[in-house]
Amino acid sequence: MDKYKKLISNTVIFAVGTFSSKVLVFLLMPLYTSVLSNAEYGVTDLLVQTGNLLLPLVSLGVVNAVVRFGLDRSVHKTDVFSTGLLTIFCGFGVLLAFWPLLDRVEAISGHTGLIYAFVLMSSLRSLCSHFTRARGLVRLYAFDGILSTVTTILFNVLFLVGLGWGVSGYVLAMVCSDFISVVFLFAVGRLSRFVSIGRLDGKTVKAMLKYAVPMIPNTMFWWITNVSDRYIVTALCGEAANGLYAVAYKIPSVVVLISGIFMDAWQLSAVTEEKARSRFFTKVFRSYSALIMMAASGIILVCKLMTKLLVSDEFYASWQYIPLLVLATAFSCLVNFLGSVYMVKKKSLLSLVTTAAGAGLNIALNFLLIPVMGVNGAALATFASYLFVFLLRAVTARWFLFIDYGAAKLAVNTLLLVSQSVCMLLQPPYWFLLQAAFVLFIFAVNSKELLENAQKLLPRNRKAQGRSSK
């Protein structure tokens, strides 16, 4: 199959699963914000983010290696999956020894058992789903996303509305949904065939761990960039302020949704398609960045309306943090794309170095800006950090693969988005007309190239080009 056609086909399939698993859960926000108070939502956010911090420590970052080595035709799939499974169970065994210590942390005290359950089931589900994707079973991977959506909704309604379990119900719903997903993938994907702990190939294990171990601090540094501001906001501004900030983060997740649909398919193509790779990456990056910028502009335009529709009145003030978080999210998507260059070349150490630099900048800016700007200081710090990491990766990725980023257009897009965000926050006279003008400018800047590249990517046009060249 033509590489462009394959990329589009996989993107459509992943879209089915991703839209169900992300959009429908996203629409649960009215439920969360009506059942949980600002402070309770802030606590649940800290619990989940603490679990996310522990995930790379428990798994030693092996899920990243499962994706990369699972796509490698020269490596036995049994060695890949068994290494991932053994690593997770060993890591979780070590984590159990720290239970008494974690239970003494005030922010999570009383919920330690839930965090442990969340970490174990999230690790196993991530392993099973990513291994399924690496095997090329994209339809099964997408269907699992649909199943996860249905079970998450059902458990949320049961635990939050039916039983009124509050914070515990929020986390337990995710744990139960992940458990069902693991059982489903093991049964339908017949993953038990790939479990052979006693006969692992030492070279594969060593190579996977060599690739994965730098991803542990890499993932933790990403966590710092994404989440450390919430702890600092809680400390300096209170749990209620963090609850608003956590809700504000949900709206920009629409940009992540658009990105995630594509990135799942892109990682398969980035590794397996080797011909004219530089040209392939350039075309796809330009279309991808144009789409991200257009989506970001549209979300900034309607952020107040989306907040009004999706959250209760108690959380409406969270809209004021959305514009800068949208900027941060847009550049996080571009950063993730450039990370695929490191993945293809197995340069996980460079991924670590660039992420560490961004995390360091983020912490420094959080302490500098939050006391001055309040919660929006955290949002600005996150944006600045992602922009910095993008610039680092834009330079270092070219050491291995030349990509024509279209620097002038990227600069114009960034300037327009920053101006649009400032306009939304200040709301001068006729601000809505100015917002609409910014959206039109950004669409004008990007639509032509997006349409031209889309035409080149369409299978019908590719076939026509092939016939004309004969």
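Q: What share of the contacts in the protein between residues at least 6 apart in sequence join residues at least 24 apart?
A: Among such contacts, 82% join residues at least 24 apart, where a contact means heavy atoms within 4.5 Å. The model is predicted, so that local features need pLDDT of at least 70 and side-chain atom pairs count only at pLDDT 80 or more, while totals for chains, interfaces and linings use all residues. Residues are numbered from 1 along each chain as its sequence is written, and side-chain values use heavy atoms, with hydrogens and water left out.

Q: How many helices and how many strands does the protein have?
A: There are 21 helices and zero strands, taken as DSSP runs numbered from the N terminus (H or I of at least four residues for helices, E of at least two for strands).

Q: Why are helix 14 and helix 16 called roughly antiparallel?
A: The axes of helix 14 (residues 277-301) and helix 16 (residues 322-345) cross at roughly 165° and come within 9 Å; axes are lines fitted to C-alpha atoms, for helices over the stretch in contact, and angles run from 0 to 180 degrees between N-to-C directions. Angles under 35 degrees count as roughly parallel, over 145 as roughly antiparallel, 65 to 115 as roughly perpendicular and the rest as oblique, and the two helices are therefore roughly antiparallel to each other. Residues making the contact include Phe281, Tyr288 and Ile292 of helix 14, and Phe331, Leu334 and Phe337 of helix 16.

Q: What makes up the contact of helix 14 with helix 16, by class?
A: The contact has 19 nonpolar, two polar and two charged residues; Ala, Val, Leu, Ile, Met, Phe, Trp, Tyr, Cys and Pro count as nonpolar, Asp, Glu, Lys and Arg as charged, and the others, Gly among them, as polar.

Q: Why is Asn366 called buried?
A: Buried means under 20% relative accessible area, exposed over 50% and partly exposed in between (1.4 Å probe, protein chains only), and Asn366 has 0%, so it is buried. Asn366 lies in helix 17, and, leaving aside neighbours within four places in sequence, its contacts include Ser228, Asp229 and Ile232.

Q: Why is Ala356 called partly exposed?
A: Its relative accessible area is 25%, and Ala356 therefore counts as partly exposed. Ala356 is found in helix 17 (residues 348-373); Phe221, 135 residues away in sequence, is 5.5 Å from Ala356 in space, C-alpha to C-alpha.

Q: How many disulfides are there by the rule?
A: A disulfide is a pair of cysteine sulfur atoms within 2.5 Å, and the count comes to zero.
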